[in-house]
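Good morning, and thank you for making time for this. Please have a look at the chain on the screen before I start talking.

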Amino acid sequence: MNTRLTRTLASVAFALAVLSALAFIGTGVTHMLDDGAVCVRTGFWANATLADHLPVGAGVESSSSAARLCQNSPSVGQRAADLGGELPWLLFASLALLLFSRLLRAVLLRGPFTEAVSRRLTVLGWFVAVGTPLAGLAVGWSQSWLVGSMAPIVGSGPTVSGSLVLILPGLAAVIMGKIMREGVRMREDLEGTI
């Protein structure tokens, strides 16, 4: 199967994987060499009453929704935790796009209903299904630790940040990969009997 759309999608996915990898490396290097402040938002004080009265109408109460904390001279740990808020998603995106590009290349070389394609689809599905919560956990825990290092009263602990909606398409890809693998085996058995 050598369609123009599949070739284009494979090339675009590979280019996006490379761009995500470059963004991962560039963000890591620039953040570690930067000597500026490190900032993080926290919802710990959500719905807390504001100290200053805002110009609101009669009968309206105002409260804060998030606090922004900044450390002017951060430690190495704080700077690394700040990186943990961005790098896991960039790494996840780069690897997922690379796996998708490899899947499309296998479709181009061998056709859509082959053992290699079903295997690569299953690997991509497991990577997305497991990688999404792991990346969210890395980001959430990094931000939680960073907030805890700036405001010890808040504390830190394992939290998951970001949407976990990608778990469902990942599991669907795993199931489709298994279905395709069974279809390939059935076709091979049928071809062997004729």
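Predicted model: local features only at pLDDT ≥ 70, side-chain atom pairs only at ≥ 80, totals over all residues.

Residues are numbered from 1 along each chain as its sequence is written, and side-chain values use heavy atoms, with hydrogens and water left out.

The chain has five helices and two strands, where helices (H or I, at least four residues) and strands (E, at least two) are DSSP runs numbered from the N terminus. Read along the sequence, the order is α-β-β-α-α-α-α. Of its 194 residues, 34% count as buried, a word I use for under 20% relative accessible area, with exposed meaning over 50% and partly exposed in between (1.4 Å probe, protein chains only). Among contacts (heavy atoms within 4.5 Å) between residues at least 6 apart in sequence, 80% join residues at least 24 apart. The chain exposes about 11,800 Å², of which carbon and sulfur atoms supply 66%; these areas come from the Shrake-Rupley method with a 1.4 Å probe, and for residues only the protein chains shown count as cover.

How many aromatic pairs does a search of the whole structure find? It finds two, where rings of Phe, Tyr and Trp (its six-membered ring) pair if their centres lie within 6.5 Å, and planes under 30 degrees apart count as stacked, over 60 as edge-to-face and the rest as tilted. Trp89 and Phe92 form an edge-to-face pair, 5.9 Å centre to centre with 85° between the planes. These two are three residues apart in helix H3, and so are separated by about one helical turn. Trp89 is partly exposed at 25% relative accessible area, whereas Phe92 is buried at 10%. Phe92 also forms a stacked pair with Phe127, at 5.4 Å centre to centre and 10° between the planes. This pair links distant parts of the chain, with Phe92 in helix H3 and Phe127 in helix H4 (residues 115-150), 35 residues apart. Phe127 is partly exposed, at 23%, and Trp89, Phe92 and Phe127 form one aromatic cluster.

Turning to the surface, a nonpolar patch with about 740 Å² of accessible area together includes Val12, Phe14, Leu91 and Leu95 among its members. The elements giving two or more residues to this patch are helix H1 (4-33) and helix H3 (87-110), and the largest share, six residues, comes from H1. Leu95 lies in helix H3 and is partly exposed, with a relative accessible area of 35%.

Leu121 is buried, at 15%.

Finally, Asp82 is found in helix H2 (residues 76-83). Asp82 is buried yet has no salt bridge, and Arg79, the nearest side chain of opposite charge, is 5.1 Å away; a salt bridge here is a side-chain nitrogen of Lys or Arg within 4 Å of a carboxyl oxygen of Asp or Glu. Not counting residues up to four places away in sequence, Asp82 touches His31, Val38, Cys39 and Leu146.

Technical notes: Patch = residues over 30% accessible without salt bridge, like charges linked within 9 Å, V, L, I, M, F, W, Y side chains within 5 Å. Lys, Arg positive; Asp, Glu negative; His and termini not counted.
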